Amino acid sequence: MGTVEAGLPLADPAADADRARLQQLGYKQELKRGLSVVSNFAFSFAIISVLTGVTTTYNTGLRYGGPASMTLGWLVVAAFNGCVALSMAEICSAYPTSGGLYYWSAKLAGKEWAPLASWVTGWFNIVGQWACTTSVDFSLAQLIQVIVLLSTGGANGGGYLASKYVVLAIYTAILIVHGLINSLPIQWLSWFGQLGAFWNVAGVFVLVISIPSVAKERASVEFIFTHFNTENGMGIHGKPYILALGLLMSQYSSIGYDTSAHMTEETKNAEWSGPMGIVSSVALSSIFGWIYLLTLTSVVTDIPYLLDTSNDAGGYAIAQALYTTFHRRYGSGVGGIACLGIIAVAVFLCGTACVTSNSRMGYAFSRDGAMPLSRVWHRVNKQEVPLNVVWLSVSVAFVMALTSLRSQVAFQAMVSIATLGLYISYALPIVFRVTTARKSFVPGPFHLGRYGVAVGAAAVAWVALVTVLFCLPVAYPVAKDNFNYTPAAVGGVLALSLGAWVLHARFWFRGPVTNVGEA
C-alpha cells in the first residue's frame, strides 16, 4: 500500500478525470471546479424559474390566447421541450465545456463547416442570453413598480405610479447588485443558485396552497381547460391560431437550461452532472410550472377587467387577481402583495443566475477569440472568477433596456430575442448531431442510445415550428402599435452575424481554440 507524503493534499481522482477530459477537448482548467450535480441543477432550475416565466408573461398568454391555450399549451411545450433538453444533455455529456452550444456545433458540423457553425451558434446564444438578462431584470423592475403602486393605494386610490425613468433606475440598481453578486467566488454563487432552486419550489408550494384556500370565487374546470380569449380586441378569432399564440408564454417560461452546460467547467464529474442538470431542471420545471399555472388561472374570473389598464394594478393581470382575491376575503390586499413579494424574490434570483450564465458563455466565447477585445473578457481574477465579462454582461443588458424609453414595442422586439435567440442556438448543434454527425457522434456517459436521432429530429422540428409561431402577427389589422418585430429582431442577429462572418471573421476565426499548451 502506498503512503501519502506529509503535508501534501490527497489527489481527487474525480477532479483529475475532469481536468484530463477538459484537456482532451483542448482547454486547460482555469475556473474553480467546485459545483456538485445539485448545484449545477440549481443554476438551471433557478434560471428557468417558473415563478418568473409564468408570472411575467401571463398577460401575454391571457390576452392573445386565454386559459385553455396556456394550460393545454404548457403540456405540448413540456413534451417537445423535453426532446430538446434530452438531445442537449446527450451532446453535453460528450463535450462538457463552458462554451457549450457553439463548441458542440463546431465538433458536430464537420471540419469544413465548423467555424461558421460555431460562429453563428455562439452569437445567437450570447445575444439571446443578454436579452434574457434584460427581460428578467426589467420584468423585476416592473413588478417592483406594481408592488409599490398597490402598497400605496393602487392606481384608483392615489397610489404611486413610477415613470419609465424611475423604472429604468430600479432596473439599473438591480443589474448592479447582480453584477456584484456574480463577482463573488463560485462557492458563494453556488449558494445563490441553490437558494434560487429552493425558493422556486417553496414559493410554488406556498402559493399553490394559499391562493385557492383564500379565493372566494374560482374559475370552473371547464373555463380553465376550454376557454379561449376570442374577444381580445386583437381581431383574431380562430381557436387554432389563438392556441398557437398561447404557446409562446409556455415557451418563454422554459428557456435557460443551457446554463448547466456553461457551468460544466466548474462542475465535478461534468460528463454526468451537466446532462443531469439539464434534464432534471426541465422535468421539474415542467411539473411545478403547470401546477403553478393552474393555480393562477383558477382565480382568473374576469379577463377584460384583469387586463384593463384602469384597474388598481394598471393592467398587470396576476397582480390584480391576487390583490382582488385577498381583498375579497379579508378586506385588504396585503396578502396579495406578499404573494407578489415571493415572486419578486424568485425573479431576482433568476436574474442572478442569468448573469452567471452570460458570463460563463462570454468567458468561453472570448477564450476562443470570437468577441471584440477577447483578451480582456476571458481573464479571470485571483478567485478564478471571469470578472471582466461579468460586468460586460451587465453593461450590455443596460444598453438593451434603453430601448424601453423610446418604444415599448421596440423593447418587446428586443426581449423576444431572449426566447428565439436561445432556442435557435439550442437547435443548431442538434441539427448537426442528426445530420453531419449522425454516424460519427461518440456519446458520453449520458446517451439516448438508438433513440438519439429520433429525439433530436423531433427537437429540431419543434424549434422550427416555434420560430414560425413567434413571427406570426398577434393582431389584425396589423398596425404600427401591434406590429410583431420579432422577425426583424431575430433576422437582424442572423444578418449581423453572417455579415461579420463574410466581411471579417471568416479570414481568422477557426472555431474553438486549443489553449492547453499556453503558459
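Predicted model: local features only at pLDDT ≥ 70, side-chain atom pairs only at ≥ 80, totals over all residues.
Me: Let's start with α21; which residues does it cover, and how far apart are its end C-alpha atoms?

Reply: Helix α21 runs over residues 486–503, and its end C-alpha atoms are 25 Å apart. At 1.5 Å a residue, its 18 residues should span 26 Å, so the two values agree.

Me: And which residues of α21 are buried?

Reply: T486, A489, V490, V493, S497 and W501 are the buried ones in α21. They cover an arc of only 110° around the axis, which puts them on the same side of the helix.

Me: Why would residues three or four places apart point the same way?

Reply: An α-helix has 3.6 residues a turn, so residues at that spacing point the same way.

Me: What is exposed on the other side of α21?

Reply: On that other side, the exposed residues are A488, A495, L496 and L503.

Me: Switching to pairs of helices, at what angle do α3 and α12 pack?

Reply: Helix α3, which is residues 50–64, packs against helix α12, residues 270–297, at an angle of about 40°, and their axes are 9 Å apart. That angle makes α3 oblique to α12.

Me: Is that crossing left-handed or right-handed, and which residues meet there?

Reply: The crossing in which α3 passes α12 is right-handed. From α3, V50, L51, V54, T55 and Y58 take part, and they meet S285, F288, G289, Y292, L293, L296 and T297 in α12.

Me: What about α6 and α7, at what angle do they pack?

Reply: The angle between α6 and α7 is about 125°, with their axes 9 Å apart. That makes α6 oblique to α7, and the crossing of these two helices is right-handed.

Me: Which residues meet between α6 and α7?

Reply: On the α6 side they include T133, T134, D137, F138 and L140, and on the α7 side V167, I170, Y171, I174, L175 and H178.

Me: Where is G158, and is it buried or exposed?

Reply: G158 is in the loop between α6 (114–151) and α7 (164–181). The residue is exposed, because its relative accessible area is 67%, and the cut-off for exposed is over 50%.

Me: How far is G158 from D312?

Reply: In sequence, G158 and D312 are 154 residues apart, while in space they are 9.6 Å apart, C-alpha to C-alpha.

Me: Now T226, where is that, and how does it count for accessibility?

Reply: T226 is in helix α9, which covers residues 221–226. At 44% relative accessibility, T226 counts as partly exposed. T226 and S69 are 157 residues apart in sequence, but their C-alpha atoms are 8.2 Å apart in space.

Me: Last one: why does R433 count as buried, and what is it in contact with?

Reply: R433, in helix α19 (residues 408–434), counts as buried because its relative accessibility is 7%, and buried means under 20%. Leaving aside its neighbours within four places in sequence, R433 is in contact with E90, I91, L108, R438, F441, G452 and V453.

Note on methods. Residues numbered from 1 in each chain as written. Heavy atoms only, no water. Helix = DSSP H or I, 4+ residues; strand = E, 2+ residues; numbered from the N terminus. Expected span 1.5 Å × (residues − 1). Buried < 20%, exposed > 50% of the residue type's maximum accessible area, 1.4 Å probe, protein only. Arc of directions from axis to C-beta. Axes fitted to C-alpha atoms, helices over the stretch in contact; angles between N-to-C directions. Parallel < 35°, antiparallel > 145°, perpendicular 65-115°, else oblique. Left-handed = near helix turned anticlockwise from the far one by under 90°. Contact = heavy atoms within 4.5 Å.
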